[in-house]
Structure formats: C-alpha cells, structure tokens
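Please walk through the model below, from its strands to its pocket and its ligand. The terms are defined as they come up.

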Amino acid sequence: MSDCIFCKIVRKEIPAKIIYEDQYCIAFHDINPAAPVHFLIIPKVHIVSLYEVDDAHQLTLGKMLGLAPKLAKQQGCENGFRTIINTGEVGGQEVFHLHIHVISSNNVLPAMIHRSQ
Ligand code: AMP
Ligand code: ZN
C-alpha cells in the first residue's frame, strides 16, 4: 500500500523510533505514547486489520505475539503490560495496517470489564 503510513515506516520512507526488525515484522515507539512504554508491533506485509488475517499470516502473527513480551521486558516493562489490537472503526482503529499496541502502565487504560460492585 503506497499511501499507508505504517508501510512507509516499513520502507523507511518516514522516520520512526524502531526498536526491532526482522523479515516478518517491525516494532517502533508510538508517536503519541499513552504510557512511559508504548510501542507498536506490525507485520511488514500490509494487512488492514485483524479482521483480514487468514491462514497464510499465521507465522507472522505468531512472531508478532511472541515478540511482545521480549520487547516489553527490553523496554522496561516490569511485572507485565497491556496488549491492544484495535480492529476496524468499531474497534477504534485509526491506522489501517494491523498493529499490536504494547503499553506499560495499566493505570492509563480503563479496566476491560466494569463491575458494578
Ligand atoms: P489505532 O487507534 O489502534 O489505529 O492506533 C494507531 C496508533 O498509531 C496511535 O497510537 C498513534 O499514535 C500511532 N501512530 C500514528 N502514526 C504514527 C507514526 N508515524 N509513528 C508512530 N506511531 C504512529
Ligand atoms: Zn500498510
């Protein structure tokens, strides 16, 4: 996708603070971090969202998920982190190239389930 901002980061056409790269994926700091550690892991191939994945993407998806804890530890996440994949407009996705958010602090995000008591 020539006009996709994350494809442009993959092709090094626009700058990003890249923390990891291999043949499958690339990880870089979020430009508008929600917490002291907030980076994104994306596939190098253009996949619009999690909604569009198919069996051919399984290896790449596995690499991305396996990278999350390794990079989180390297970046200084202590005792855990949040992972978020926003999917589609309904899911709050703004950049339509699949990405996993890795976020250090739980305090900046609402709880997933609000209990009434
Ligand atoms: P989402 O709402 O899940 O699509 O999140 C997109 C994320 O991409 C947001 O957290 C943005 O701050 C981040 N973002 C957008 N453009 C860039 C960029 N050029 N470099 C790094 N992060 C970006
Ligand atoms: Zn793309």
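A polar contact here is a pair of N or O atoms within 3.5 Å; within protein, one atom must be able to donate a hydrogen and the other to accept it, and residues adjacent in sequence count only if both atoms are side-chain atoms. By that criterion the side chain of His-101 makes a polar contact with the side chain of His-38, at 2.8 Å. This is a predicted model, in which local features need pLDDT of at least 70 and side-chain atom pairs count only at pLDDT 80 or more, while totals for chains, interfaces and linings use all residues. Residues are numbered from 1 along each chain as its sequence is written, chains are lettered from A and ligands numbered from 1 in the order in which they are written, and side-chain values use heavy atoms, with hydrogens and water left out.

His-101 is found in strand β5. Helices (H or I, at least four residues) and strands (E, at least two) are DSSP runs, numbered from the N terminus. For accessibility, buried means under 20% relative accessible area, exposed over 50%, and partly exposed in between, with a 1.4 Å probe and protein chains only. His-101 has a relative accessibility of 12% and therefore counts as buried. In a regular strand the side chains alternate between the two faces of the sheet. In β5, Ile-100 and Val-102 point one way, whereas His-101 and Ile-103 point the other way, and all are buried.

Two strands pair if DSSP finds at least two bridges between them. β5 pairs with β3 in the antiparallel sense over four bridges, and Phe-39 has Val-102 as its bridge partner in β5. Strand β4 (residues 82–84) also pairs with β5 in the antiparallel sense, over three bridges; here the partner of Ile-84 is His-101.

Which strand pairs with β3 over five bridges? That strand is β2, and the pairing is antiparallel. His-29 has Phe-39 as its bridge partner in β3. β1 and β2 form a hairpin with three residues between them. Four of the five residues of β2 are buried, so this strand is largely enclosed by the rest of the structure.

Next comes the largest pocket. On a 1 Å grid over the protein atoms alone, a pocket is an open set of points with protein on both sides within 12 Å along at least five of seven lines, and its lining residues have an atom within 4 Å of a point. Grid points are joined across faces, edges and corners, and a volume is the space filled by probe spheres set on the points. The largest pocket holds about 550 Å³ of space. Its lining has 25 residues, with Phe-6, Asp-30, Ile-31, Asn-32 and Leu-40 nearest the centre. Two or more lining residues come from each of α1 (5–10), β2 (25–29), β3 (38–43) and β5 (100–103); α1 gives the most, with three.

Ligand 1 is surrounded by 16 residues (each with a heavy atom within 4 Å), and the closest are Asp-30, Glu-94, Val-95, His-99 and His-101. Asp-30 places a polar side-chain atom 2.5 Å from an oxygen atom of ligand 1. Glu-94 has a backbone N or O atom 2.7 Å from an oxygen atom of the ligand. For His-99, an N or O atom in the side chain is 2.7 Å from a ligand oxygen atom.

Some loop residues remain. Lys-12, in the loop between α1 and β1, has a positive phi of about 65 degrees although it is not a glycine. At 48% relative accessibility, Lys-12 counts as partly exposed. Asn-79 lies in the loop between α2 and β4 and also has a positive phi of about 65 degrees without being a glycine. Asn-79 is exposed, at 83% relative accessibility. Glu-78 is found in the loop between α2 (58–75) and β4 and is exposed, with a relative accessible area of 66%. Glu-78 and Ser-104 are 26 residues apart in sequence and 7.8 Å apart in space, C-alpha to C-alpha.

Notes
1 Å grid on protein atoms, 1.4 Å probe; cavity = no way out; pocket = protein on both sides within 12 Å on 5 of 7 lines; lining within 4 Å.
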